[in-house]
Amino acid sequence: MSWYAVAVLDDAFDATKAFLTPLDARQWLKLALVVFFLGNAGGGGGGSSASTGSSTSPGTPGGPPGPTGIETDLPAEFGEFLPILVGVVAVALVVGLLYALVGSVMEFVFVESLRRRRVRIRDYAGQHTGQAVQLFVFRVLLGLLVALPALGVVAGVLSLAGIAPALPVGLLVVLAPLLILVGIAVAIVDGFTVNFVVPVMILKNVGVAAGWKRFWPTLTRDWKQYGVYALVRVGLSFAVGVLASIIGGVVGAVLVAPLVVVGIFAVPALGGPAGLLANPLAVAVAVLLVLSYFVLLTATLAVVFVPVQTYLRYHSLLVLGDTDRDFDLIPELRREIRDAG
């Protein structure tokens, strides 16, 4: 029995080579823009939330005692700093949701680009806006499945640290493994949705629920093939992760050097870390610089990882087409590379 996920490893390389060569700088940059928004975090629209507490905190007079040996008094300036923190979290949440929305659109743009072997971002985005919104909502719901136990774990940790209302220790014991299990399940569902259901949605012009309904019989019939696919992708993801760590470390060090120089002179001038945190304008500038650094780092890595993402997605499309010919988005490319081989 041939395992498709293994058999198409070479075919995916040939497909990637056929798509990206001869080198077209304009097309490469367009693909880099698409890859920038794809990300590989699972796309959940997870949110952050500030914990609310009572008027008395643990470990202070009038409140429940905190853990022995742990200082639980919060700085007096915390109340002044809290609105800034809430504002930063709110802005980060909005930016994250917008990023996820654009990323959902780019999933369709990417698959269409690989399918048609030309990159036309506006055209493909316009064709699949409605489907992309459905995908975005679906991924937000998946993200909430992770966010809810995650918030419980955070609340439990803060409770143990004595800076939040006391919660039963058993709650943390239950939620921590639950978070891991839910996180793994959500990652699998999101990965299969992006790699297999999105192509079905494109080919059959249906929404995400209908796409899953059509793909489900193929998944259950060839569950062994998709089980092997999942194992192969874990190996590929590990290799990509190592490569990303090496390249990201080098690129990150180059990009962070100017920020370090600025920090060396700016932090002492503002009175040290305490003075920096007490200055709302300085905090806002620092947050902006950090966000700019991560955006620039991600954009640079997107350019570098265009062939990697292209390879991984062609690998998925080849597996999908081999398990069900009705879902083959790249029949002509498949014939070309296999006839040439």
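Colleague: What should I know before reading the values?
Modeller: Residues are numbered from 1 along each chain as its sequence is written, and side-chain values use heavy atoms, with hydrogens and water left out. This is a predicted model, where local features need pLDDT of at least 70, side-chain atom pairs count only at pLDDT 80 or more, and totals for chains, interfaces and linings use all residues.

Colleague: How many helices and strands are there in the protein?
Modeller: Helices (H or I, at least four residues) and strands (E, at least two) are DSSP runs, numbered from the N terminus. Read along the sequence, the pattern is α-α-α-α-α-α-α-α-α-α-α-α-α. The count is 13 helices and zero strands.

Colleague: What percentage of the residues count as buried?
Modeller: Buried means under 20% relative accessible area, exposed over 50%, and partly exposed in between (1.4 Å probe, protein chains only). The protein has 341 residues, and the buried part is 36%.

Colleague: Among contacts between residues at least 6 apart in sequence, what percentage join residues at least 24 apart?
Modeller: Contact means heavy atoms within 4.5 Å. Under that rule, the value is 75%.

Colleague: Which peptide bond is cis?
Modeller: Look at P22, in the loop between α2 (9-20) and α3. The bond has omega near 0° and runs from T21 to P22.

Colleague: Which residue caps the N-terminal end of α3?
Modeller: Helix α3 covers residues 25-38. A polar contact is a pair of N or O atoms within 3.5 Å; within protein, one must be able to donate a hydrogen and the other to accept it, and residues adjacent in sequence count only if both atoms are side-chain atoms. Here a side-chain oxygen lies 3.1 Å from the backbone nitrogen of R26, and the capping residue is D24.

Colleague: What distance does α3 reach from its first C-alpha to its last?
Modeller: The expected span of a helix is 1.5 Å times one less than its number of residues. Helix α3 has 14 residues, and its reach is close to the expected 20 Å. Just after α3, G39 takes a positive phi of about 60°. The reach of α3 itself is 20 Å.

Colleague: Is R117 buried, partly exposed or exposed?
Modeller: R117 lies in the loop between α4 (78-116) and α5 (121-127). R117 has a positive phi of about 60° although it is not a glycine. Its relative accessible area is 30%, so R117 is partly exposed.

Colleague: Is N205 buried or exposed?
Modeller: N205 sits in the loop between α7 and α8 (208-221). N205 is not a glycine, yet its phi is positive, about 55°. At 63% relative accessibility, N205 is therefore exposed.

Colleague: Which residues does V186 touch, leaving out those up to four places away in sequence?
Modeller: V186 is in helix α7 (residues 169-204). V186 is buried, with a relative accessible area of 12%. The C-alpha atoms of V186 and R139 are separated by 9.1 Å, though the two are 47 residues apart along the chain. The residues V186 touches are L142, L145 and V146.

Colleague: Which residues make polar contacts with the side chain of D322?
Modeller: D322 is in α12. D322 counts as buried, at 11% relative accessibility. Another, of 3.0 Å, goes to the side chain of R338.

Colleague: At what angle do α12 and α13 pack?
Modeller: Axes are lines fitted to C-alpha atoms, for helices over the stretch in contact, and angles run from 0 to 180 degrees between N-to-C directions. Angles under 35 degrees count as roughly parallel, over 145 as roughly antiparallel, 65 to 115 as roughly perpendicular and the rest as oblique. The two helices are therefore roughly perpendicular to each other. Their axes are 11 Å apart, and the angle is about 95°.
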